[in-house]
Amino acid sequence: SPLSNERETMTVADAPVQPVLLGGDFGVYALARSFHEAYGATSIVLSHAPTVSIARSSFCRVEPIIAHASDEVLLETLMHIASTYSDRALVLVANHDLHSEFVARNWDVLSAHYALPFPSMEVIDYVTDKGAFARLCKELDVPTPATVVVSFRDFSTAEAWVAPEIPFAFPVVAKAARGNDYDGLEFEGKRKIWFVESAQELDELWARLGEVGFRGDFVVQELIPGDNTQMRSVTAYVDSKGHMTLIGSARVLLEDHAPTMIGNPVAMITESFPQLWADAQRILEAANYRGFANFDVKIDPRDGRALFFEVNPRIGRNSWYMTAAGHNPMIPMVDDLVKGLSREREEVHEEILYSMVPDRLLMRYLRDPELAKRVRGLIRSGKRFDPLFYSRDRDLRRSLTLHLQKLNHYRKFRRYYPQANDRSF
């Protein structure tokens, strides 16, 4: 049966929009930029270590907060902000699973002061656990990779604990079923996604996870061949009445390959994928989802199937590709949750290149001549956009640092992914 996810809109429809953002990475800057482009707003950014793109931005005001802040500390800070800006329409946004769950846990307190474009905890449990997501997709006949869930909830020692058999061939992919169970752990050699070559290597991973105190679920999935260009990103907004009022997608060109960032796109082309949109909508409707959602999908080159990997219960780090293509996600969200307006569905069809890496580096990884031709055409026609470079941010130190960081991608890719291959790692 559909899950309950009723949401009330704010009652300050005519007040100035005041974004409050959790986190301090490039994706949070992109959120602040989207708010600034839409409303001319200065965002309040809660972060313990904001990137220079945020710290030296003209439209970001950093509110320092301790690392790994507890719910109590975050709530105290957010309530102080709410009392200080009680004459404004406060909107709380984040692009990290930990923050999505924080909002869901504290919905009753936060919703009295903030517009919250997130699903409920019930819905998060239902669709964003990667094991549960695979089961939901199977029920809806939406293709997903073959998946085995491995629970560490009863782990005592590596010798006493027995992992389930993996019924598909190595190499395989292993990752936490839920980010919040894993993101807070710190250990040497930590990776966001593990590419595992053999059963012995997988056993070694299980032993390491048990030793460092992981007690959630991991999933093991079949490795779908194909390089980064087989990946697709889908971004959606479902309003408070359950209507999908925004949908868009992009073809990934290149992903980050640093161990803790692997899987995050650094270059994409916006492109319409109606079948992916339809499947995403079926998944969200089945869960009675509300708020922003971001799907990761991969096209299997062996048979052309679009395999859904996961849905993230928040807007994606790279969602600014929607804004660059002319459909700022903050506008339908604010119209819904702050102004109480109903909107017609927006679909993103404009083609642009979203890229955070130097053009020469990107072209080095594009092995499909037709795709490379499309990318060169977008660059020549001035349709290449980087979310961090914005004409309204002219701080010289900020600009110099960002240019140096962009050049640093050459070193990073030479170390972690020296050339494209059919396994993407």
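**Close-up views of a predicted model**

**View 1. Asn 95, in the loop that links strand 4 (89-94) to helix 4 (97-105).** This is a predicted model, and here we start with a loop residue. Asn 95 has a relative accessible area of 3%, so this residue is buried. Its side chain reaches the backbone oxygen of Gly 27 at 3.5 Å. Beyond residues up to four places away in sequence, Asn 95 touches Asp 25, Gly 27, Val 28 and Leu 31, along with Arg 314, Ile 315, Gly 316 and Arg 317.

**View 2. Leu 110, a buried residue of helix 5.** Helix 5 covers residues 107-110, and Leu 110 counts as buried because its relative accessibility is 0%. Setting aside neighbours within four places in sequence, Leu 110 is in contact with Leu 75, Leu 78, Met 79, Leu 92, Phe 102, Val 103 and Leu 116.

**View 3. A nonpolar surface patch made by Leu 400, Leu 404 and Leu 407.** The patch has an area of about 320 Å². Leu 400 sits in helix 14, which runs over residues 396-416. With 53% relative accessibility, Leu 400 counts as exposed.

**View 4. Residues 6-11, where pLDDT stays under 50.** The model has 17 contacts beyond four places in sequence for this stretch. Please look at this view with care: where pLDDT is low, the predicted coordinates should not be read in detail. Over the protein chain, pLDDT averages 93, and 97% of the residues score at least 70.

Terms used
Residues are numbered from 1 along each chain as its sequence is written. This is a predicted model: local features need pLDDT of at least 70, side-chain atom pairs count only at pLDDT 80 or more; totals for chains, interfaces and linings use all residues. Side-chain values use heavy atoms; hydrogens and water are left out. Patches are made of residues with over 30% relative accessible area and no salt bridge: like charges are joined within 9 Å, nonpolar side chains (Val, Leu, Ile, Met, Phe, Trp, Tyr) within 5 Å. Accessible areas come from the Shrake-Rupley method with a 1.4 Å probe; for residues, only the protein chains shown count as cover. A salt bridge is a side-chain nitrogen of Lys or Arg within 4 Å of a carboxyl oxygen of Asp or Glu. Helices (H or I, at least four residues) and strands (E, at least two) are DSSP runs, numbered from the N terminus. Buried means under 20% relative accessible area, exposed over 50%, partly exposed in between (1.4 Å probe, protein chains only). A polar contact is a pair of N or O atoms within 3.5 Å; within protein, one must be able to donate a hydrogen and the other to accept it, and residues adjacent in sequence count only if both atoms are side-chain atoms. Contact means heavy atoms within 4.5 Å. pLDDT is the predictor's confidence in each residue, from 0 to 100.
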